[in-house]
There are 2 protein chains.
Amino acid sequence: MMTRIGRNTLRFGRGPWALGWAVSAGKKELEGPLGSLFDQCHEDTTLGTENWERAESRLQAEASRLALHKAGLSPGELDCVFAGDLLNQCAASVFGLCDLGIPFLGQYGACSTMAQSLAVAAVFVEAGAARRAMAVTSSHFCSAERQFRLPLEYGGQRTPTAQWTATASGAMILSREPPVGAERAVVVREACFGRMVDLGVADPANMGAAMAPAACRTLLDYFEDTASSPKDFDLILTGDLGAVGSDLLRGLLLREGCDIAAVHNDGGLMLYDRKRQDVHAGASGCGCSAAVLCSAVMGDLLAGRLGDVLFVGTGALTSATTSQQGATIPGVAHLVRLRAVSVRPGGE
Amino acid sequence: MMTRIGRNTLRFGRGPWALGWAVSAGKKELEGPLGSLFDQCHEDTTLGTENWERAESRLQAEASRLALHKAGLSPGELDCVFAGDLLNQCAASVFGLCDLGIPFLGQYGACSTMAQSLAVAAVFVEAGAARRAMAVTSSHFCSAERQFRLPLEYGGQRTPTAQWTATASGAMILSREPPVGAERAVVVREACFGRMVDLGVADPANMGAAMAPAACRTLLDYFEDTASSPKDFDLILTGDLGAVGSDLLRGLLLREGCDIAAVHNDGGLMLYDRKRQDVHAGASGCGCSAAVLCSAVMGDLLAGRLGDVLFVGTGALTSATTSQQGATIPGVAHLVRLRAVSVRPGGE
């Protein structure tokens with residue numbers, strides 16, 4: 001059962017329930033403030049494979065396998081997987097998930113892919129189109145650098161607005177049924193799909209500026225649809241705006257009379273220690289928001305430190321080709337509202 | 001209302017209804033056997049834009065605008081658009097649809113993207129997550145050649161197994177409500193999402209061979225789920241297997257005791273006249289199946305020449321990077337069953 005609220009928001013019934021989630025990440029992510037919360041980390045950025053693209057696939061395979069394990073499920077108990085990544089033709093998802101042997105629906109929302117995949121999975125589960133569905137995404141610093149920017153061997157300088165693409169994959173399983181034996185669980189309560197926004201930003205080294213207007217529009221759409229405001233939530237987590245984009249988002253919203261500062265945080269500011277780790281404006285990549293969500297945020301929801309979270313995945317819709325052709329970078333942001341609830345019938 | 005049938009098939013209720021559809025295509029497509037059925041065609045492959053990628057975006061913008069016009073809708077009456085294409089980071093969809101100003105959910109299924117987008121849109125509409133949704137996709141010969149194979153200026157030889165990427169975009173709008181004033185209309189009756197299949201084909205000049213095993217698996221899954229057989233349908237339309245892939249599919253199915261020859265056709269064999277036009281094994285590309293579906297097939301369904309069609313989009317999940325790294329090409333195929341029905345309550 002789901003209801004459309006206002007223009008762009010969907011409200012779900014009692015589910016869908018988060019059954020299992022996991023993160024597989026790299027060395028720099030392990031050394032960051034959330035490192036101890038990840039399920040698996042790798043010292044070697046190749047993960048023992050022949051190239052970084054294949055390594056990124058392996059991150060997705062691992063995160064998926066771990067999420068299944070934690071949910072106590074076999075792949076055959078999933079009805080479909082929604083997944084995507086930054087690599088051309090979503091190659092990390094294709095080669096990471098092919099062996100699962102379950103229906104595969106590739107998703108592309110750039111770095112908003114985790115939020116998009118989770119929201120689409122929630123619609124499928126709530127509608128009865130799937131009993132259980134998984135959302136997975138990933139990014140890898142080395143595969144992203146050579147595809148979008150410069151080969152690592154070139155040793156190019158990075159600008160202060162540049163962000164560091166996370167080497168990480170996050171996976172989450174949604175189900176029509178609550179987890180067995182749990183007292184407290186997390187549900188997807190609402191979703192708000194985002195419209196693309198293009199304010200003319202064309203600098204591929206400043207993704208935060210390209211994405212902030214989209215996050216602003218989606219949040220304003222959502223607050224209007226649901227007649228809610230920032231104070232109604234414990235945390236508004238944007239995906240990977242980083243330092244530049246987070247400042248811009250707060251400023252853009254303030255101009256509309258909406259102050260999120262007290263409850264806002266950003267995956268791009270949480271994944272690394274910006275003082276200690278050389279990441280300039282923060283973290284980015286599909287794997288950034290997925291890793292933060294599927295570790296710290298889900299943990300805090302389950303433990304009662306958070307109760308009601310807006311997860312706003314943010315994507316910069318750019319390719320090396322269009323960027324070299326001088327095209328601008330449209331942004332998009334998809335919102336998922338997660339709530340911790342009591343599993344007892346009727347309880348919240 | 002939807003019901004899961006067997007392992008992977010979804011059956012919808014009375015809808016979702018096809019409200020409007022359109023095709024925008026290039027010169028070679030205009031000169032093919034279906035040329036007169038397309039809504040708009042272009043002599044100039046750049047469509048007056050500065051590059052082929054932008055031209056492909058314009059094809060999507062046009063097909064979308066025409067589908068909206070034919071449905072009598074404005075963009076604001078759509079709740080979301082599901083779209084994707086072959087370009088890196090789905091650039092044709094991003095830049096073609098940004099101006100619509102409605103929620104955008106990028107889809108990636110390689111050349112199966114039209115079937116995937118249509119099926120996901122059907123789930124959203126049937127579940128009440130969207131009152132109306134659009135599925136759009138495209139491909140462009142020139143942008144695909146330079147991205148996946150060789151720059152056109154190189155003048156490379158093409159192998160006999162190679163297919164010609166269609167320069168075309170197709171768009172279709174699905175709605176919870178039947179078209180007003182129509183006696184006969186087309187509904188999405190069922191959908192079957194495909195599993196990836198990788199039999200080790202690694203030749204990027206033979207996509208038909210990479211996709212045929214996936215089409216075979218999806219059709220067998222569907223026939224088993226629904227206890228149906230090829231003779232129950234007027235047409236089984238695969239997306240773009242071409243001559244090589246179509247032969248392989250029929251052979252693979254025959255080995256399983258399933259003979260589709262009497263009702264099978266393939267978008268890749270329909271779009272061009274292979275005797276007269278130099279396209280080797282036939283047409284391919286996201287735009288191929290979308291153009292054939294949104295012209296000839298929908299026309300025949302409405303006119304009563306067809307009643308019950310299985311549309312099986314076929315995708316070769318490859319990128320230039322993974323291909324150059326020697327990776328194999330997994331295939332995927334998504335199935336949508338389309339039926340022509342009477343709009344009168346209860347009628348079929």
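Colleague: How many residues does the contact take from chain A and from chain B?

Modeller: In this predicted model, the contact takes 48 residues from chain A and 48 residues from chain B. Two residues are counted as in contact if their C-beta atoms, placed from the backbone, lie within 7 Å. Strand 1 (2–5), strand 5 (80–85), helix 3 (91–97), strand 6 (104–108), helix 4 and helix 10 (320–324) of chain A give two or more residues each to the side that touches chain B. By class, that side of chain A has 27 nonpolar, 17 polar and 4 charged residues.

Colleague: How do you know that the copies meet through the same surface?

Modeller: Of the interface residues of chain A, 100% are also interface residues in chain B, so the copies meet through the same surface.

Colleague: Which residues have the most contacts inside the largest nonpolar core?

Modeller: They are A:Val81 and B:Val81, in a core of 264 residues. Leaving aside neighbours within four places in sequence, B:Val81 is in contact with B:Leu97, B:Leu100, B:Ile102, B:Phe104, B:Ala133, B:Met134 and B:Val136.

Colleague: How is chain A divided into domains, and what does the contact between them take from each?

Modeller: Domain 1 covers 2–175 and domain 2 covers 184–342. The C-alpha centres of these two domains of chain A lie 16 Å apart. Their contact takes 60 residues from domain 1 of chain A and 62 residues from domain 2 of chain A. Among the elements giving two or more residues to the domain 1 side are strand 3 (17–25), helix 4 (113–127) and strand 7 (132–139) of chain A. The largest share of that side, 7 residues, comes from helix 4 of chain A. By class, the domain 1 side has 32 nonpolar, 20 polar and 8 charged residues.

Colleague: Why is helix 2 of chain B called largely enclosed by the rest of the structure?

Modeller: Of the 20 residues of helix 2 of chain B, 17 are buried, so this helix is largely enclosed by the rest of the structure. Its length can be checked as well: at 1.5 Å a residue, the 20 residues (52–71) should span 28 Å, and the end C-alpha atoms are 29 Å apart, which agrees. Helix 2 of chain B is followed by B:Gly72, whose phi is positive, near 70 degrees.

Colleague: How do you know that the span of helix 6 of chain A agrees with its number of residues?

Modeller: At 1.5 Å a residue, its 20 residues (207–226) should span 28 Å; the end C-alpha atoms are 29 Å apart, which agrees. Helix 6 of chain A is mostly covered, with 16 of its 20 residues buried.

Colleague: Why is A:Gln89 called buried?

Modeller: The cut-off for buried is 20 or more other C-beta atoms within 10 Å. A:Gln89 has 28, so it is buried. It lies in the loop between strand 5 and helix 3 of chain A, and its phi is positive, near 55 degrees.

Colleague: What makes A:Leu241 count as buried?

Modeller: A:Leu241 has 36 C-beta neighbours inside 10 Å and therefore counts as buried. It lies in the loop between strand 11 (235–238) and helix 7 (242–255) of chain A. Not counting residues up to four places away in sequence, A:Leu241 touches several residues, including A:Met211, A:Leu249 and A:Thr314.

Colleague: Why is A:Ala202 called partly exposed?

Modeller: Partly exposed is the class between the cut-offs of 12 or fewer for exposed and 20 or more for buried. A:Ala202 has 15 other C-beta atoms within 10 Å, so it is partly exposed. This residue lies in the loop between strand 10 (184–192) and helix 6 of chain A. Its C-alpha atom and that of A:Gly326, 124 residues apart along the chain, are separated by 7.1 Å.

Note on methods
Residues numbered from 1 in each chain as written. Chains lettered and ligands numbered in written order. Predicted model: local features only at pLDDT ≥ 70, side-chain atom pairs only at ≥ 80, totals over all residues. Helix = DSSP H or I, 4+ residues; strand = E, 2+ residues; numbered from the N terminus. Expected span 1.5 Å × (residues − 1). Core = buried A, V, L, I, M, F, W, Y, C linked by C-beta atoms within 7 Å. Domains from an automatic or database assignment. Nonpolar A, V, L, I, M, F, W, Y, C, P; charged D, E, K, R; others polar.
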